[in-house]
Amino acid sequence: MRKGLLETVLTGARTRTSHAQVVDELGKAIVSGDFPVGSILPGDPELAMRFKVSRTVLREAMKTLAAKGLIVPRARIGTRVTAKNQWNLFDSDVLTWHFHRGVDEDFLHHLSEIRLAFEPHAAALAAVNATEAEISGMMRLAVAMGDPEHTAETLAMADLRFHLSVVEASGNPFMRTVGSLIEAALVGIFKLSSPASGREGIDEVSRTHIRIVEQISRRDEAGARAAMENVIRVGRERVRAALRDLADAEKSSGK
């Protein structure tokens, strides 16, 4: 599995190359509002000095940010930060920068809506297209989610592996595009609430995912769709409850 948003959040891994570092720092600054929408970025000489990189590295970094929809160069004006509706929210880096800034209930709710639009259909397609080997693999992943030795971090990774395996088993290559959104939603659940609160919590997570595989194995499209919808909705309610608890805690502490 590729190294993505969830692993970055869990491990705290940092970018290494000069190009990646510039993209990361500027991307965070744009998404956090340090460079507001509509503003003009500092010129190349200033940015090159700020990041201690060559003009070549800086230009490549700006091309990467432009490809993600965050900036657009304007002749005789400079590089402008684009409107948020032009940002590519399917891009894992852009999602990472949103989580770095801090996300609210609306953002997480929108993520769950996209998951509900795609993943249940992916499960239904898997009921039609998945090979027996893929079904066996999904079942192993679902059962492994019930391991009593799981930490919140390892359970989050196991959860991600399972959901990406369903997307893969759908047989539709376009479905793979939603992988970053699935990761982002699971990051939100991981950061706000852990379903692994005791043996019963882990068992329930495993059971609900096993149910998805059972429906896929039966080649029951409607059943697979419903089982996946249930998992996503339960996760959304956990996040909502966690956010309410945080708000109540802040009120009680006088913040």
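In this predicted model, the side chains of Asp91 and Lys68 meet in a salt bridge, with 2.9 Å from N to O. Asp91 lies in the loop between strand E2 (78-81) and helix H5 (92-101), and Lys68 in the loop between H4 and strand E1 (71-74), so the pair ties together parts that are 23 residues apart in sequence. The count for the model comes to ten salt bridges.

**The loop-to-loop pair**
- Asp91 is buried, because its relative accessible area of 16% is under 20%.
- Lys68 also counts as buried, at 9% relative accessibility.
- A network of salt bridges links Lys68, Asp91 and Asp93.

**A pair within helix H2**
- Lys28 forms a salt bridge with Asp24, and their closest N and O atoms are 3.3 Å apart.
- Both Lys28 and Asp24 belong to helix H2 (residues 18-32), where they are four residues apart, about one turn of the helix.
- Lys28 is buried, with a relative accessible area of 17%, and Asp24 counts as buried at 14%.

**A pair within helix H4**
- Glu60 pairs with Lys63 in a salt bridge whose closest N and O atoms are 3.4 Å apart.
- Glu60 and Lys63 both lie in helix H4 (residues 55-67), three residues apart, about one turn of the helix.
- Glu60 is partly exposed, with a relative accessible area of 37%, whereas Lys63 is exposed, at 54%.

Terms used: Residues numbered from 1 in each chain as written. Predicted model: local features only at pLDDT ≥ 70, side-chain atom pairs only at ≥ 80, totals over all residues. Heavy atoms only, no water. Salt bridge = Lys/Arg side-chain N within 4 Å of Asp/Glu carboxyl O. Helix = DSSP H or I, 4+ residues; strand = E, 2+ residues; numbered from the N terminus. Buried < 20%, exposed > 50% of the residue type's maximum accessible area, 1.4 Å probe, protein only.
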